[in-house]
Amino acid sequence: MSKDPGPSSPQINATVMASAGTGKTWLLVSRLLRLLLHGARADAILAITFTRKAAAEMQTRLSERLFTLASVDDKALAELLRELSLTPDMATMTRARGLYEALLQSGRSVRTTTFHAFCQDILRRFPLEADVPPGFELLESSGELTRTAWELLMEQATLKPDGETAQALEQLLAYSGGLHGLQQSLFTFLNHRGDWWAYTEEQPEAQAFALAQLRKQLQVNEECSPLASLFTEQREQALGNYCALLNRHPIKSNLSRLELLAQGRDPAQTLELRFACCREALLTKQDQPRACKPSKAQATKMGEEGQEQFIELHTQLSAALMQTLDQLAAVATLKAHRAWYRLGEQLLEHFQRLKSERRQLDFTDLEWRAYRLLHRAENAQWVQYKLDQRIEHLLVDEFQDTNPTQWRLLQPLLQEMASGAAERHRSVFLVGDAKQSIYRFRRAEPRLFQVAHEWLEQHLDARGFPLHVSWRSAPAIMQGVNKLFGDSGPMRGILRD
């Protein structure tokens with residue numbers, strides 16, 4: 001029946017790296033056709049993509065090609081089967097002709113859906129297990145609830161102007177540079193709540209955990225002031241030696257620096273003022289070391305040994321100031337994140353409560369609750385078993401736009417396939433192209449495509465198939481692109497990166 005085990009073959013698991021214009025949709029529909037021709041039940045096939053439009057287009061193309069197989073003459077049908085890498089024998093042609101009508105009469109169809117619709121279907125089937133309201137409504141636009149949650153947060157701060165919420169708002173407002181920046185930072189937290197939930201999952205104190213991790217990353221010790229650490233006894237001595245050498249060469253610029261350093265060395269001044277004076281004396285406005293090179297005039301005044309010591313001290317003191325700037329920035333970042341975490345969680349709490357009162361779930365809720373149901377619920381294995389009985393063939397389009405939660409959603413299904421009975425025919429088919437990832441704002445992670453490929457290769461003996469022949473662009477265009485981005489072209493390596 002089949003001529004070769006190409007990517008459309010139902011006998012193999014496959015990942016297809018399909019560049020733009022290489023016919024990935026045609027290949028995906030061909031895979032669906034071959035599964036049906038191979039005897040797969042239509043309702044045991046699940047094809048997932050990322051938009052309703054794409055899911056509808058996939059269903060339309062499948063129906064059109066099934067109708068074509070049923071209506072063309074024998075010669076054309078034989079040619080279409082050859083395009084599917086099938087031998088047009090009598091049995092195959094008969095089955096191909098009758099498939100369209102058989103599906104119509106059975107009332108069953110291939111399920112082409114989106115990730116969110118798939119999650120919604122799972123939660124509607126297992127609402128109690130997933131701890132969601134039975135018959136919940138889907139919230140597709142959350143702008144109004146976001147504004148209401150924001151107003152509730154502002155009201156909370158206004159009622160207690162000296163409270164922690166008000167103080168956090170004031171701190172984050174200063175760090176964000178204004179009200180617009182403050183709103184954007186908190187709305188970003190809200191929009192990426194799935195990341196927050198995943199990052200702090202199973203942590204009893206989410207804010208404390210996140211701060212501890214950030215503190216390690218920034219290498220910040222809040223008990224030790226960066227400014228106090230700068231003005232050590234050794235550093236004070238170095239500043240004194242530096243000023244003494246400057247005095248030996250009293251040109252106008254050196255005298256100005258001496259005035260600044262006099263305040264920088266004065267213990268009666270605040271640490272902030274002392275640091276600011278030293279910073280202005282030794283660093284440029286871009287916070288880089290001021291030029292300090294050997295010269296004959298300087299060597300005459302300071303002596304050769306003095307000039308060498310002066311340049312070395314300038315380098316050491318400048319480096320210490322820049323290190324202090326980094327430490328101050330790290331402390332400011334930690335303080336801003338402490339406020340961001342607190343306010344973000346409070347805004348999220350208002351947002352989630354408003355939805356709960358309305359018995360609503362949004363798209364992020366669908367993904368997260370479905371993930372929790374399949375991984376963390378008490379009867380997760382039973383739910384996985386029930387889903388596994390319904391799905392024998394899984395296809396995912398545009399895999400480069402999968403986010404980490406969606407990938408973890410698929411893993412229980414894939415693990416069931418990997419551990420299932422050998423006599424039950426199962427298959428997986430993934431299509432994607434990292435260069436075409438466009439849903440970063442929805443947490444898309446194109447690198448997951450390679451992770452999924454390696455997992456399938458290891459556990460399900462999947463094969464990888466690249467599609468690199470474009471059917472969309474004229475040869476002259478493709479030649480120009482290949483020349484520009486090829487190994488000897490000026491843009492080489494760009495597409496691969």
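Contact is taken here to mean heavy atoms within 4.5 Å, and helices (H or I, at least four residues) and strands (E, at least two) are DSSP runs that are numbered from the N terminus. The model is a predicted one, in which local features need pLDDT of at least 70 and side-chain atom pairs count only at pLDDT 80 or more, whereas totals for chains, interfaces and linings use all residues. Residues are numbered from 1 along each chain as its sequence is written, and side-chain values use heavy atoms, with hydrogens and water left out.

With contact defined in this way, Phe115, His116, Phe118 and Cys119 of helix 5 meet Gln406, Leu409, Leu410 and Leu413 of helix 20. By class, the residues of this contact of helix 5 with helix 20 comprise 6 nonpolar, 2 polar and no charged, where Ala, Val, Leu, Ile, Met, Phe, Trp, Tyr, Cys and Pro count as nonpolar, Asp, Glu, Lys and Arg as charged, and the others, Gly among them, as polar. Helix 5 (residues 115-125) and helix 20 (residues 404-419) pack at an angle of about 55°, with 12 Å between their axes; axes are lines fitted to C-alpha atoms, for helices over the stretch in contact, and angles run from 0 to 180 degrees between N-to-C directions. Helix 5 and helix 20 are therefore oblique to each other, given that angles under 35 degrees count as roughly parallel, over 145 as roughly antiparallel, 65 to 115 as roughly perpendicular and the rest as oblique. The crossing in which helix 5 passes helix 20 is left-handed, a term that applies if the near helix is turned anticlockwise from the far one by less than a right angle, with right-handed applying if clockwise.

Helix 1 contributes Thr25, Trp26, Leu28, Val29, Ser30, Leu32, Leu33 and Leu36 to the contact, while helix 2 contributes Met58, Arg61, Leu62, Arg65, Leu66 and Leu69. The contact of helix 1 with helix 2 is made up of 10 nonpolar, 2 polar and 2 charged residues. Arg65, which is placed in helix 2 (residues 52-71), touches Trp26, Val29, Ser30, Leu33 and Leu84 when residues up to four places away in sequence are not counted. Between Arg65 and Arg265, which are 200 residues apart in sequence, the C-alpha to C-alpha distance is 83 Å.

The axes of helix 14 (residues 252-264) and helix 15 (residues 271-282) come within 7 Å and cross at roughly 155°, which makes helix 14 roughly antiparallel to helix 15. The crossing of helix 14 and helix 15 is left-handed. On the side of helix 14 the contact is made by Arg257, Leu260, Leu261, Gln263 and Gly264, and on the side of helix 15 by Leu273, Arg274, Cys277, Cys278, Glu280, Ala281 and Leu282. The residues of the contact of helix 14 with helix 15 divide by class into 7 nonpolar, 2 polar and 3 charged.

Cys278 is buried at 3% relative accessibility, and its sulfur lies 6.9 Å from the closest cysteine sulfur, in Cys277, which is too far for a bond. The structure as a whole holds 0 disulfides, a disulfide being a pair of cysteine sulfur atoms within 2.5 Å.

Met302, placed in helix 16 (residues 296-302), counts as buried at 4% relative accessibility. Apart from its neighbours within four places in sequence, Met302 is in contact with Leu245, Leu246, Arg248, His249, Gln307 and Phe310. The C-alpha atoms of Met302 and Leu374, which are 72 residues apart along the chain, are separated by 75 Å.

Backbone geometry was also examined. Most residues other than glycine have a negative phi. Asp131, although not a glycine, has a positive phi of about 60°; Asp131 lies in the loop between helix 6 (127-130) and strand 4 (137-138) and is exposed, with a relative accessible area of 63%. Arg359, also a residue other than glycine, has a positive phi near 55°. Arg359 is placed in the loop between helix 17 (304-357) and strand 5 (360-361) and is partly exposed, at a relative accessible area of 41%.

Notes. Buried means under 20% relative accessible area, exposed over 50%, partly exposed in between (1.4 Å probe, protein chains only).
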